[in-house]
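Please look over the sequence and the model shown here. The report then takes up a few places in turn.

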Protein chains: 2
Amino acid sequence: MRETGTTYRQGSVTPVVRICVVGCGAVGSLFAANLSLLEDVEVWAFDLNELHVAAMNRDGLRLSGAGEVVGRPRATSDPAKLPPCDFGLVATKAMHTEPAIEATAHAFVDGYVATVQNGLGNEETLARHVERVIRGTTFPAGKLLEPGHVQWDVQGDTTLGPYDERVPLAEVERLADACTRAGMPAEAVEDARGPQWRKVIFNASTNPIGALTGLTHGRVCERPDLRTLVTGLVDEGKAVAAAQGIELDADPEELIDHAAKPEVAYDHKASMLQDIEARRTTEVDYLNGGIVHFGGEHGVPTPLNAAIRALVKGVEASWTQS
Amino acid sequence: MRETGTTYRQGSVTPVVRICVVGCGAVGSLFAANLSLLEDVEVWAFDLNELHVAAMNRDGLRLSGAGEVVGRPRATSDPAKLPPCDFGLVATKAMHTEPAIEATAHAFVDGYVATVQNGLGNEETLARHVERVIRGTTFPAGKLLEPGHVQWDVQGDTTLGPYDERVPLAEVERLADACTRAGMPAEAVEDARGPQWRKVIFNASTNPIGALTGLTHGRVCERPDLRTLVTGLVDEGKAVAAAQGIELDADPEELIDHAAKPEVAYDHKASMLQDIEARRTTEVDYLNGGIVHFGGEHGVPTPLNAAIRALVKGVEASWTQS
C-alpha cells in the first residue's frame, strides 16, 4: 500500500486516506460531501469557484434530493494549498481536464488520479501529467443550486479500473471501497472500458440530439426518425468499441429506452441542451468527437457522429461574430 | 397551340395568354409583376393573404431592388373568381402545394400548370389534380416587405420542362418565352430534372445546416467539419440523381463555393434558418425528405439526409408541448 499521503489523525490510530476531488461541480460535490463523512478519509475539494469554496468552508457542502448530506471537505481554489494526496478524483468538465491536472499534479506525485468525468480521452490527458491513472465512469447526477449547495438528482454506480499496468487493482479497490462505504457504490474492475463506453455511447447518441432539437430525452425517443438516428449513432459507437476489443457491459439501447420512460427521465433535458441554452461550450468533442477519434485510429467509419459533432460545434460558433 | 383560355383584349387583335400565379409570396410576385407588363399576357395573382391581394388591386404590385417594377396583376384570394387559364405558375411553399392546387385546379382544366417551387414532389402533387404539369426550377429570390411590395434580392434563370408526355415542348416554350420577354429569363428543355436536382441538392445540403447551427452560408462553408458534412449530403443527393438517370447541369459544389464568397452570399441566412427563427414549418420534407424518398425508391442509402431531416423536424416539434 502506498503511504505517502497517509497521515494519522491527531489522537486517533485510524489510518487516513487523503482524497482530493478536483472540480467540485455537481458530480464532484456528490463525491466530496459523501466521502467527507467517513472517519478514515480526509477530503480536499479543489474548485475555481471561489464563492462555492468559501461556502463549503463556512457552512459545509450540502446535498439535497436523492440523499440529504452536509459534508465538511477542506475546500480551496489555490492549488498550492493542496497537501500530497493518496487519490485524486477528477470531476471537471472534460474540456477543463488539462488545466485542472496541470495545476494540481504536484499533489499526486506519489498518488493515484481517477477520473469520473464524461467522455473519452480524459485518461490520456491525465497520464500526460501524472504517473498513475485510474479510469472511471459514474452515473450519479446533480446540479449546483448555489454556492455550497448541490441538488442530488440521481443515485448511481461508479466503476473504476486501472488505466495501465502501473496501477495495481488493490489500489483501485481501496478507492472504490471508500466510495462504497460513503454511500456512492463503486466497483473496482480490471477493465473499466465496458461501462465507460456504454455511458459514452449513451451520451453521444442522445445528448446532442436533445441539444440540437430542444427536445427532452423522452420526446427524442418517441419520434421514429430521431430514434433511428440515435440507433445509427449507437451502432457506430459499438463498432468503434468492438474494434478496440471493448466488451460493453450492457447494450446502450436498453439504457436509452429505459430512460425514455415517463417515470425515469422522459422530461429530462440533456445536460448538453442545458449547456446550449446557457451558451456554454459543450462536451461534444469528448463524446461524439471521442468516438470519431478512436474510430479513425481503428479504421471504423463514423459519419453520423462526425456530422453531429460538426453541427454542435457550429452552434457554439454561432454565438460569436465571425 | 391550346386556345381555351386565350381571349382577345377589347379593341386589340393581340392574342392574350392568360397566366395565373398561384401563391404570390416573394417568388410568385416576381413572376406576376413582370409578366403583367406584357401586352399579350393577362396575369391573375391568387393568394390567401387578403391584405396583399387588396394592395395589389389598389396600388399594383411593386418590386424594388434587382429591378424596379410596378405590375398590375388581377389579384384574388377567392378561387371561384379565377377564369380558365392557359397556364398556372405555382409558387407556394412546397407544403402548401396540395391545398393550393386543390382550390384552383378548375382554372386549369384545359391549361398547363408549371411549378417554380423549391423541393421535390411538387410535380407529383400537381399531377394528382391537373392533367398537364410542367416541371420548373427558378433561381430569382426576394422577400415580401409589406402588402403589395416585394424586395427583389437576386435575378436568376428559370428552367421549364414537360413533366410527362402529355405536355408538348411547344407549350413549355410558349410559357418560357413569355417569362423571358417579361425580364425573367426562362428556358424550355425536354428534361428539366438536371437544374431541379442541382438546386435541390444545393438547398438540402446547405439550408438545414444553417438552420440547425444559426450560421450564415459563408460561415458554414469555412468550417472544415461542416463543409465535409455538406459534401456528404451533396454526395448522397448526386447518387440518388444518378440512380434515376438525371444528369445534373452543373456540380452543386461549385454553386456552394461560389455562394460562400463575401461578394455573393457569405452573409446570407438560409431561408430555412429564417423559418426556424420565426418558428415557421420548414421545407425540409421536400428537400432532404425528397432525397431520402427517391433514394428509398432507387435503393440508394441516404443516412445523412435522413439524419438532417429528422433533426429539423425535431426542432419544429420542440415548439409545441408534447
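## A tyrosine in a loop

A:Y286 touches A:A94, A:M95, A:G119 and A:L120, leaving out residues up to four places away in sequence. Touching, or contact, means heavy atoms within 4.5 Å. A:Y286 sits in the loop between α10 (271–277) and α11 (288–297) of chain A. Helices (H or I, at least four residues) and strands (E, at least two) are DSSP runs, numbered from the N terminus. A:Y286 is partly exposed, with a relative accessible area of 24%. On this scale, buried means under 20% relative accessible area, exposed over 50%, and partly exposed in between (1.4 Å probe, protein chains only). The C-alpha atoms of A:Y286 and A:P195 are separated by 16 Å, and these residues are 91 apart along the chain.

This is a predicted model: local features need pLDDT of at least 70, side-chain atom pairs count only at pLDDT 80 or more, and totals for chains, interfaces and linings use all residues. Residues are numbered from 1 along each chain as its sequence is written, chains are lettered from A and ligands numbered from 1 in the order in which they are written, and side-chain values use heavy atoms, with hydrogens and water left out.

## Loop arginines with positive phi

A:R279 lies in the loop between α10 and α11 of chain A. A:R279 is exposed, at 56% relative accessible area. Its phi is near 55°, a positive value in a residue other than glycine.

In chain B, B:R279 lies in the loop between α10 (271–277) and α11 (288–297). Phi of B:R279 is near 55°, again a positive value in a residue other than glycine. B:R279 is exposed, with a relative accessible area of 56%.

## Aromatic pairs

How many aromatic pairs does the structure hold over all chains? There are four. Rings of Phe, Tyr and Trp (its six-membered ring) pair if their centres lie within 6.5 Å; planes under 30 degrees apart count as stacked, over 60 as edge-to-face and the rest as tilted. One of the pairs joins A:F87 and A:Y112: the ring centres are 5.8 Å apart and the planes are at 35°, so the pair is tilted. A:F87 lies in strand β7 (residues 87–90) of chain A and A:Y112 in strand β8 (residues 112–115) of chain A, so the pair ties together parts that are 25 residues apart in sequence. A:F87 is buried, at 1% relative accessibility. A:Y112 is buried too, at 3%.

Now turn to chain B. The rings of B:F87 and B:Y112 have centres 5.8 Å apart and planes at 35°, so this pair is tilted. B:F87 is in strand β7 (residues 87–90) and B:Y112 in strand β8 (residues 112–115) of chain B, so the pair links parts 25 residues apart in sequence. B:F87 is buried, with a relative accessible area of 1%. B:Y112 counts as buried at 2%.

## Charges over rings

A:R132 lies over the face of A:Y112, 5.6 Å from the ring centre. In chain B, the charged end of B:K199 sits over the ring of B:F139, 5.3 Å from its centre. A charge sits over a ring if NZ of Lys or CZ of Arg is within 6 Å of the ring centre and within 35 degrees of the ring normal.

## Helices and a buried loop residue

Which residues of helix α3 (residues 97–104) of chain A are buried? They are A:T97, A:A100, A:I101 and A:T104. These residues cover an arc of only 90° around the axis, which puts them on the same side of α3(A). The arc is that of the directions from the helix axis to the C-beta atoms. An α-helix has 3.6 residues a turn, so residues three or four places apart point the same way.

A:G28 is in helix α1 (residues 26–35) of chain A. A:G28 is buried, at 0% relative accessibility. Leaving out residues up to four places away in sequence, A:G28 touches A:V21, A:G23 and A:A91.

B:T302 lies in the loop between α11 and α12 (303–318) of chain B. B:T302 counts as buried at 8% relative accessibility.

## Where the chains meet

The contact takes 27 residues from chain A and 27 residues from chain B. Two salt bridges are counted between the chains. In one of them, A:D225 pairs with B:R309, and the closest N and O atoms are 3.4 Å apart. A salt bridge is a side-chain nitrogen of Lys or Arg within 4 Å of a carboxyl oxygen of Asp or Glu.
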